[in-house]
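I opened this entry to keep a record of what I looked up. The notes follow the order of my checks.

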Amino acid sequence: GRMVGRSHEFGELQRRLNAALAGECQLVLIGGEPGIGKTRLLEELDRLATIRKLTVLHGRFLEAGQSFAFDGFCEAIQEYFQRRTLSSPAIDFSDLAADLVALFPILGETAPLRSALLESGEQARHADPQRGDDRTRIFDLLARTLMRMSAGRPLVLLLEDLNAANRSLDALQYVVRRIGATPVMIVGSWITTEVDRAHPIHTFMESFHGDRRFLSLNLGPLGEEEHHTLVESSLGASKLDSGIAAKVFRVTEGNPYFAKELVRSLVDSGDIVKNQSGEWRLAGAAIPAEALPATIQQAVQKRLHRLSDALRELLATASVLGRSSIFAISKPWRGTTSSSTTRWISSSSSASSRRRANEGVTGFRFRARYCVTRSTATSRDAGENHFTEKSRNTSSEGMHRVSTGSSRCSFITTPRRTT
C-alpha cells in the first residue's frame, strides 16, 4: 500500500537523488528504532528510482566477524552481475576481477568475473583487512568497482543495517570521498537502539559533519492523524470507529510496524469486527493483552535478551509501576551496574539523568517507550526475588521499594497526565 507519513523525509531523499543525478555523489543515513519505517522509506525510494529507470543495488550488513567483512558491498556487486543481460553495456572488469574474487570468493561464481579471470590468467592477491596497506587497497578496490558499475550513469546503492557494520563504515567513508564526482546516491539505514555511544557509526557521521553531500534523517513515531490513516489503510476501509485508531496508537505509540501487526492480529482474532453498517470497531471495550502478536513480542524480546538479568528485572518492575516514573538507584546496586544501566536507559527509553549529590544517588525519569514493551517485560515470571511494596504517601505520587536479588531500588511513580 501507499506510504503513510514521511513526506518530509521522502522529499529530502528526492532532492538528494536529483543532486546525485546532477553529478555529485550523495550520502544519506536513515536512523530509527525497529519498525519505525526505515525499510519502507528505502522501498519508496527504490520504486521512484526504478520508475526513472535508474540502476538500484542493495546490500545488508551482518558483520559479526571476519568472515562477514564488507558483506553489504559483496551483495550489491553480486546483484549487479546477476542483473546484467545481453543488452547491458559491455564494461571491462578484467583488471579488478582477481582482487574482487580474492576478497569475495563467491563472486568467482559470476560468469563475467569468471571469464575475466580465465582470460587474464591473473592470480589474486589475498588482502588482510587488518594491515594498513591492504586495508587501503581493499577500500580503493571497492571504490573503483562502484565507479566501474556506475560507468558514468546514475546509480542508487541502498545499504541496510549499518549498525551491524564495523570496518565497512571505514570503507564506506573512503568510497564516498573517492567517488565524489560521480552520479551515485548511497543511502544507508541503521537501527539506533542497536548501538551504544562507542559504536563507530557515530564517528562515521561526525566525519561528514558540515559536508553538503551528507544528510542524516532520524525517523520518529507517526503522529496521531498519520497513525489513523495507517490503521485505515491496514484495514482497507474508510469507515473506522475512531476509538480503534486511538487505542492502537496508545498501545504502539505511533510505531508503524507494530501498529500494522497489531491490527492484523486483532482482525484475525475477531477483536476487531465490521458491524452491519460496514464500520470497523472493537468487539470489546479495550484491546486484550493476549492480542499482542508474536511478531511484536519477538521484536521486543530481541532487545530484552541483550540486557543483563538485573536490567530485565528493573524493566519488568518499572513496567508494572507505570509508564512514567522517577526512580533512584541505591549505591550497592549502582556500584555494580551503573554504567550499563545508564547506557541502556539512554538507548532504549526516553530518559534524562540528573545528579543529586547531597543524596548520593542517580535519578532518572523513565518513560516506557511502548506499552508493548511493558506487556512483554511483565509477561515473564519474575520469581520470589522480585516484588514491589507501595508505601504510604499523602501526595498523588507513590513510593515503591523494589528488591531484585541483592539489589534494592526506590521508585517514585508519577501519574500520567491526560488531556
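Predicted model: local features only at pLDDT ≥ 70, side-chain atom pairs only at ≥ 80, totals over all residues.

Which residues are buried in H7? I found Arg-167, Ser-168, Leu-169, Ala-171, Leu-172, Val-175 and Val-176 buried in H7.

I then checked the span of helix H7, residues 167–178. Its twelve residues reach 17 Å from the first C-alpha to the last, close to the 16 Å expected at 1.5 Å a residue.

Next I looked up aromatic pairs and found nine in the whole structure. One of them joins Phe-139 and Tyr-174: the ring centres are 6.0 Å apart and the planes stand at 50°, so I logged the pair as tilted. Phe-139 belongs to helix H6 (residues 132–150) and Tyr-174 to helix H7, so this pair ties together parts 35 residues apart in sequence. Phe-139 has 6% relative accessibility and counts as buried, while Tyr-174, at 26%, is partly exposed. Ring pairs also bring in Phe-70, which forms a cluster with Phe-139 and Tyr-174.

I looked for charges over rings. Arg-167 lies over the face of Phe-70, 5.9 Å from the ring centre. Arg-177 lies over the face of Phe-208, at 4.3 Å from the ring centre.

Asp-71 is buried but has no salt bridge. Arg-60 is the nearest side chain of opposite charge, and I noted it at 8.5 Å. What I did find was a polar atom of the Asp-71 side chain 2.7 Å from the backbone nitrogen of Leu-62.

Notes
Residues numbered from 1 in each chain as written. Heavy atoms only, no water. Buried < 20%, exposed > 50% of the residue type's maximum accessible area, 1.4 Å probe, protein only. Lys, Arg positive; Asp, Glu negative; His and termini not counted. Salt bridge = Lys/Arg side-chain N within 4 Å of Asp/Glu carboxyl O. Polar contact = N/O pair within 3.5 Å; in protein donor to acceptor, adjacent residues only side chain to side chain. Helix = DSSP H or I, 4+ residues; strand = E, 2+ residues; numbered from the N terminus. Expected span 1.5 Å × (residues − 1). Phe/Tyr/Trp six-rings, centres within 6.5 Å; stacked < 30°, edge-to-face > 60°. Lys NZ or Arg CZ within 6 Å of the ring centre and 35° of its normal.
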